[in-house]
Amino acid sequence: PVLRVAILGLGNYAARVADAMQGCTKAKLVGLISGTPAKIEKWSAKYNIPAKNCYNYGNFDQIKSNPDIDAVYVITPNGTHHDFIIRTAKAGKHAISEKPMAISVKQGEAMIAACKQAGVKLLVGYRMHFEPKTLEVIRMRKEGEFGKILFFQGLCGFKIGDPKQWRLNKELAGGGSMMDIGIYAINGARYMTGEEPVWVTAQETKTDPVKFKEGVDETIQFQFGFPSGATASCLSTYNMNGLDKFFLNGEHGYAEMQPSTNYGPIMGHTNQGELTQPVTVHQTVQMDEFAEIIFHDKQPPVPVDGHEAVKDLKIISAIYEAAKTGKKVSMSV
Ligand code: NAD
């Protein structure tokens, strides 16, 4: 069957997902949930969505009795994912959340529990987990082509605009650049090395305390130690444009990717030469793969479930603690 998806929250990224889904073969956009009637009108005309599959945040729970929708994809500000995903689970629909899955580990664990109890799947929009050049580097690392992995560097950031946007609001964003873009370096450190951090150190710098209020990080540099002895050094920022670079170093080789996580084309090379895997539309591939995971229990090369996402939240929490205390924080995910 085709995965019939309703998108909840019709903002910028939702528009990108909706457009990309027009290229899907295993998933289809069939429903809309929004607090803004004018957006429902515009989107339902554009994507040919029947009125019976359109909801607002008040009547959304009625989606439970709609047999024509399999999954709800929540694409709203980070701090709202928890409640919307739990409502999705209670309505008996498969739940897809954008990253970061939530703004705390506790919220993430509650979302996992709710989906488990409802017998629905919970997936998180980790589009890089399906990106061909990324997967090739992971394959090379797994097959030992770089030798023993020694070091990873991940640099992720962009210069943020409007000071009034939700991304700079602690309640809605859960933090600052780390929650939004630093998470790519964290997740990348994990999938590139194939290890989970056992310690974290971090240093925060803030050039504009008016724009970046208490609890909203502008720039954090952070380091991980892994069980093998490998280390990572990363940077998350809202104050540098187009910062998007991964570097993986092993005893016998390396991979360098830039851009490494933006919408593409992803580019990179290894000690063996240029990465030439095909350029894809990340969201198209992600949604087709999500259909396979939901209907056929397909195991992706790098997980995209709630447990994977809670690991990132645990690491974010350790980074914030390390930045605040100045101490090395031991951890396990
Ligand atoms: P956006 O501001 O463009 O859209 C957010 C939408 O949520 C808006 O339509 C807004 O009306 C709606 N909304 C619902 N409840 C709201 C509330 N309580 N307060 C404010 N707005 C509310 O943001 P965006 O860039 O589309 O980001 C949405 C989510 O998608 C975030 O979690 C973000 O991290 C994620 N995202 C992921 C990627 C990716 O590459 N995977 C890229 C961009 C954004």
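At what angle do helix α3 and α4 pack, and how far apart are their axes?

Analyst: The model is predicted: local features need pLDDT of at least 70, side-chain atom pairs count only at pLDDT 80 or more, and totals for chains, interfaces and linings use all residues. Residues are numbered from 1 along each chain as its sequence is written.

Helix α3 (residues 81-90) and α4 pack at an angle of about 10°, and their axes are 8 Å apart. Axes here are lines fitted to C-alpha atoms, for helices over the stretch in contact, with angles running from 0 to 180 degrees between N-to-C directions.

From α3, His-82, Ile-85, Ile-86, Ala-89 and Lys-90 meet Gln-107, Ala-110, Met-111, Ala-114, Cys-115 and Ala-118 of α4; contact requires C-beta atoms, placed from the backbone, to lie within 7 Å. By class, this contact of α3 with α4 has 8 nonpolar, 2 polar and 1 charged residues. Ala, Val, Leu, Ile, Met, Phe, Trp, Tyr, Cys and Pro count as nonpolar, Asp, Glu, Lys and Arg as charged, and the others, Gly among them, as polar.

The protein chain is divided into domain 1 (3-124) and domain 2 (128-278 + 303-330), with bounds from an automatic or database domain assignment. In domain 1, 18 residues are in contact with 18 residues of domain 2. On the side of domain 1 that touches domain 2, α4 (105-118) and β6 (122-124) each supply at least two residues, and the largest share, 6 residues, comes from α4.

How values were computed
Contact = placed C-beta atoms within 7 Å. Helix = DSSP H or I, 4+ residues; strand = E, 2+ residues; numbered from the N terminus.
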